[in-house]
Amino acid sequence: MTGSKRQPALPARMEAEFSSLMRELSACGHQAPTLIERAHLPRWCRRPLFFFLGYIAKAEGRVTEADIGHAESLIKAMRLSKRQRQRAIDWFQQGKSAEQLPFVRGLAMRLSRRLWPAPALKAAICLCHASQLNGRPGRSRRYRCEDAIDQIGLPVTVSEDIFDSYASKVWTRHSENLSIPTSYQQACELLGVTRRDSLEVIKRAYRKKVSECHPDKLAQQQVDARDRSLAKERLLNYQQAWDLIKRHNTFRQP
């Protein structure tokens with residue numbers, strides 16, 4: 001938390017709730033779905049939340065599997081029925097199609113935030129989590145996240161504190177884990193697949209990983225020099241993993 005940097009300070013009730021939720025998020029390993037599973041979100045928050053998730057997911061023009069996976073994890077955490085799940089998907093799709101945010105979409109959370117700040121703050125954590133699914137968020141994803149948080153009536157400093165927490169606990173950990181794989185299992189884990197997946201499935205996962213840290217894409221996102229260096233290291237490790245997997249499968253062929 002960086003409450004001492006906040007100007008102006010949050011209202012006392014909101015500050016206390018935010019501090020409590022951030023401690024809970026840390027205890028959950030910075031997994032927003034786990035937080036939502038423990039600290040339930042009211043039903044009336046579902047529509048704006050999934051709409052905003054879709055809006056953030058389309059920030060760079062293409063919704064990724066990570067975006068869909070995050071939404072599915074929240075659906076599971078909320079224990080939605082089949083019908084409720086379909087509604088959540090519809091709201092997500094509506095958010096994907098939105099060029100700008102309707103003022104009324106976050107109105108309920110905006111009106112309740114002072115007397116009952118928890119729903120808006122929980123939604124903000126979910127939105128920030130969605131923005132950094134692949135590490136430090138690019139400008140477009142971060143701006144869309146901040147727009148959504150503004151719509152639910154929270155100051156941008158809330159998102160800054162959440163991102164600071166991810167930066168110190170999650171992004172740093174990701175950068176420390178950029179090691180060259182030395183076994184088939186490590187190579188699979190790096191590419192986000194399992195040993196049982198076919199070579200074609202692994203190849204698609206490899207191409208997706210490579211595209212995420214391609215220099216052309218990073219240039220569009222205007223990332224800083226440090227992130228470009230980390231992306232280059234990730235790219236080399238993905239290539240090492242794919243080469244290891246190809247060799248493994250070649251030796252297994254009759």
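Student: Why does His30 count as buried?
Tutor: His30 has a relative accessibility of 3%, and buried means under 20%, so His30 counts as buried. Keep in mind that this is a predicted model. His30 is found in the loop between H1 and H2.

Student: What is the phi of His30?
Tutor: The phi of His30 is positive, about 60°, although His30 is not a glycine. Gly29, which follows H1, also has a positive phi, near 70°.

Student: Where does Arg79 lie, and is it buried or exposed?
Tutor: Arg79 is in the loop between H4 and helix H5 (82-97). Its relative accessibility is 56%, and the cut-off for exposed is over 50%, so Arg79 counts as exposed. Arg79 has a positive phi of about 55° although it is not a glycine.

Student: What makes Arg43 count as exposed?
Tutor: Arg43 has 58% relative accessibility; exposed means over 50%, so Arg43 counts as exposed. Arg43 lies in the loop between helix H2 (32-38) and helix H3 (46-57).

Student: Let us turn to the helices. What does the secondary structure of the protein come to?
Tutor: The protein has 13 helices and 0 strands. Buried residues make up 48% of its 254 residues.

Student: How do you know that the length of H1 is close to what is expected?
Tutor: H1 covers residues 12-27, which is 16 residues, and the distance from its first C-alpha to its last is 23 Å. Met14, Phe18, Ser19, Leu21, Met22 and Leu25 are buried in H1.

Student: What makes H7 largely enclosed by the rest of the structure?
Tutor: The count of buried residues in H7 is 14 of the 14, so H7 is largely enclosed by the rest of the structure. Its span agrees with expectation too: 14 residues at 1.5 Å a residue should span 20 Å, and the end C-alpha atoms of H7 are 20 Å apart.

Student: Why is H4 called roughly antiparallel to H7?
Tutor: The axes of H4 and helix H7 (residues 118-131) come within 10 Å and cross at roughly 155°. Angles over 145 degrees count as roughly antiparallel, and that makes H4 roughly antiparallel to H7. The crossing of H4 and H7 is right-handed.

Student: And what makes H3 roughly antiparallel to H4?
Tutor: The axes of H3 and helix H4 (residues 65-77) cross at roughly 165° and come within 10 Å. With the cut-off at over 145 degrees, H3 is roughly antiparallel to H4. H3 passes H4 in a right-handed crossing.

Student: How do you know that H3 is roughly antiparallel to H8?
Tutor: Here the axes of H3 and helix H8 (residues 139-151) come within 9 Å and cross at roughly 160°. An angle over 145 degrees counts as roughly antiparallel, which gives that label to H3 and H8. This crossing is right-handed.

Student: Now the rings. How many aromatic pairs are there, and what makes Phe51 and Phe52 edge-to-face?
Tutor: The count comes to 3 aromatic pairs. In the pair of Phe51 and Phe52, the centres are 6.2 Å apart and the planes are at 80°. Centres within 6.5 Å make a pair, and planes over 60 degrees apart count as edge-to-face, so Phe51 and Phe52 are edge-to-face. Both Phe51 and Phe52 are buried.

Student: Why is the pair of Tyr206 and Trp242 called stacked?
Tutor: Their ring centres are 5.3 Å apart and their planes are at 10°; under 30 degrees counts as stacked, so the pair is stacked. Tyr206 lies in helix H11 (residues 199-212) and Trp242 in helix H13 (residues 225-252), so the pair ties together parts that are 36 residues apart in sequence. Tyr206 and Trp242 are buried.

Student: How do you know that the charged end of Arg110 sits over the ring of Phe103?
Tutor: The charged end of Arg110 is 4.0 Å from the centre of the Phe103 ring, against a distance cut-off of within 6 Å. Arg105 lies over the face of Phe51, at 4.9 Å from the ring centre.

Key
Residues are numbered from 1 along each chain as its sequence is written. This is a predicted model: local features need pLDDT of at least 70, side-chain atom pairs count only at pLDDT 80 or more; totals for chains, interfaces and linings use all residues. Side-chain values use heavy atoms; hydrogens and water are left out. Helices (H or I, at least four residues) and strands (E, at least two) are DSSP runs, numbered from the N terminus. The expected span of a helix is 1.5 Å times one less than its number of residues. Buried means under 20% relative accessible area, exposed over 50%, partly exposed in between (1.4 Å probe, protein chains only). Rings of Phe, Tyr and Trp (its six-membered ring) pair if their centres lie within 6.5 Å; planes under 30 degrees apart count as stacked, over 60 as edge-to-face and the rest as tilted. A charge sits over a ring if NZ of Lys or CZ of Arg is within 6 Å of the ring centre and within 35 degrees of the ring normal. Axes are lines fitted to C-alpha atoms, for helices over the stretch in contact, and angles run from 0 to 180 degrees between N-to-C directions. Angles under 35 degrees count as roughly parallel, over 145 as roughly antiparallel, 65 to 115 as roughly perpendicular and the rest as oblique. A crossing is left-handed if the near helix is turned anticlockwise from the far one by less than a right angle, and right-handed if clockwise.
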